[in-house]
Amino acid sequence: MSRFKKRPAATSAAAEKPENRRPSSADRSAYFARREAAKVLRTVLQGDAKRRAVGSIKSLVYSPSVRNKRGTFALVCETLKYLSIIKEVLGSANVLNSKWKRQGELIYIVTYDILFGQAASLVGDAEKFLLLRKDALQSALAQLLVRKGMKDIKDLTACQKFPGGLISIVDISKPRYVRVNTLKLDLKSALQELGKQNKVHEDDMVPDLLVLPPGVDLHNHPLVLNGSVFMQGKASSMAAAALQPEPGWEVLDACAAPGNKTVHLAALTHGKGKILACELHKERVQRLKETINLAGAANVEVLNEDFLNLNPKHTSYSKVRAILLDPSCSGSGTSAVRLDHLLPSHGAGNDDAGINRLRKLQAFQKKALAHALSFPAVERLVYSTCSVHQIENEDVIKSVLPLALSLGFQLATPFPLWARRGLPVVEGSEHLLRTDPAEDKEGFFIALFIRKSTIAENMPERRPSSSSTTTSEALCSEKSNISSVKKKQRNKYKLHLYCPSAKLSRMWLHPWYLARKRATRI
């Protein structure tokens, strides 16, 4: 009997032995991934609680500071998927003391790994603390299943009705877009480098945008890590491209963070002139500065200011000739990409709260657009959102359009070959641009305003035709030059204007159109 009683002690010692072994590289990798995931989760939950996200889950995970991006992304997504269950289990088990309650996000991550994940390599103080209480956690989970009337965990998670089903790390249906940062790398070199391992081609509409096959993971590619290319969606890249700032211009990015559009503006101006990047929130300013440094955008000046408080008449802004206004919005057009359906606020089910939030956003959007139009030297202005809601898009334009017209602005048509246009609820909706979440994988809205005085200055002079004295060599040369014009150059916005009193001719506005017509007659 004495020998029989001693066996549990030996078994216990054997069970404790693995805890004292030296952690393997896999153990260390998992340890750091859990802590990186906890930091991201804290930022996500704090932003969701305030309805003011610093960035999407993906953008936070794939920032340069996160090393194990794939493992961290999976941990954050899966923990969020089970978060409501984890909270109930921890509450029922009542195992946390004040020390660990202050590290709630790490506790959520570790609890997920113990109950639903891979608890084989759990090293660390938080991990040891919860492993000692694993039985209590599992008992609380079993009681939760009984209370909910569920047979197993699969049924419990299914009843939460997440749109889109289970989380996958790669969206296999969406092409991978990357924008070449021409401040660091030319388009040809980017095509050659990225083409070594993947099929890659230029986008047919947005300059310096490359298209790769769906599912291509470039997060650890050297060109991404050194800021030579940015992983930026096509719809997002269209906003700065629609503005078309010229080298040497002073441009204002009114709501700049996280900075992808800011550095795109810097690239479009070839690093010349000045880009004023305005951002109110300090935590987002830091992210903005990181993006600017990564891009090598030396002509960007960061303003930690409220855009609405900038004085348009101040000399600091007297030379601003273009404004990109991408204000806070619901993000409804990118909610699937941003994985917003995983956030606690998404399942709140309060329709009144959602409508009230949209109205508050619209009020700010109207103020911001009206304010942007009041800058005296502005010639071009783009208003863009990543929302599909009419209240944030066409309704905002409809409300501010009379003011815009009184200040000498008109709606112009960005990317005229793009098929999807604004909803027909505002006069001039054919000039507004929309992308569709189903067809284009993102839902964006873009409105382009051009000041009429600028249009008059850019009008070509009407001269007598010299076709009767043109030599055959000159005509052949002209046809050759026309045929060599790249499609993307023709896809820049045409000045199809909304004007109640007059309609300007396409031929009058586009010299290349006249040249093409002359060439086709030969």
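Me: How much of the chain is made up of buried residues?
Reply: Buried residues make up 47% of the 522 residues in the chain. Buried means under 20% relative accessible area, exposed means over 50%, and partly exposed is in between (1.4 Å probe, protein chains only). Keep in mind that this is a predicted model, where local features need pLDDT of at least 70, side-chain atom pairs count only at pLDDT 80 or more, and totals for chains, interfaces and linings use all residues. Residues are numbered from 1 along each chain as its sequence is written, and side-chain values use heavy atoms, with hydrogens and water left out.

Me: OK, how many helices and strands are there?
Reply: The chain has 23 helices and twelve strands. These are DSSP runs numbered from the N terminus, with helices being H or I of at least four residues and strands being E of at least two.

Me: Which residues in the largest nonpolar core touch the most other members?
Reply: Those are L80, V89, L90, L96, F116, L130 and L137, out of 44 residues in that core. A nonpolar core here is a set of buried Ala, Val, Leu, Ile, Met, Phe, Trp, Tyr and Cys residues joined through side-chain atoms within 4.5 Å.

Me: And which helix gives the most to this core?
Reply: That's α7, with eight residues.

Me: What does V89 touch?
Reply: Leaving out residues up to four places away in sequence, V89 touches L115, L137, A140, L141 and L144. Contact means heavy atoms within 4.5 Å.

Me: How do α5 and α7 pack?
Reply: They pack at an angle of about 95°, with their axes 10 Å apart. Axes are lines fitted to C-alpha atoms, for helices over the stretch in contact, and angles run from 0 to 180 degrees between N-to-C directions. So α5 and α7 are roughly perpendicular to each other. For the cut-offs, angles under 35 degrees count as roughly parallel, over 145 as roughly antiparallel, 65 to 115 as roughly perpendicular and the rest as oblique.

Me: Which residues make that contact?
Reply: From α5 you have L83, I86, K87, V89 and L90, and from α7 there are I107, Y108, T111, Y112 and L115.

Me: Switching topic: where does UniProt put the active site?
Reply: The unreviewed UniProt entry places the "active site" feature at C386. UniProt positions are in the numbering used here, feature names are shortened, and annotations may be inferred rather than shown by experiment.

Me: Is C386 buried or exposed?
Reply: C386 counts as buried because its relative accessibility is 17%. C386 sits in the loop between β9 (380-385) and α18 (394-406). Skipping residues up to four places away in sequence, C386 touches C329, G331, S332, G333, T334, G443 and F444.

Me: Which residues does the "binding site" annotation cover?
Reply: In the unreviewed UniProt entry, that annotation covers C255, A256, A257, P258, G259, N260, K261, E279, D306 and D326.

Me: Where does A257 lie?
Reply: A257 is in the loop between β5 (250-253) and α14 (260-268). At 9% relative accessibility, A257 counts as buried. Its contacts, not counting residues up to four places away in sequence, are E279, R284 and L288.

Me: What about N260, where is its place?
Reply: N260 is in helix α14. N260 is partly exposed, with a relative accessible area of 24%.

Me: Last one: how many residues of α13 are buried?
Reply: Ten of its ten residues are buried, so helix α13 (residues 234-243) is mostly covered. Just after α13, Q244 takes a positive phi of about 50°.
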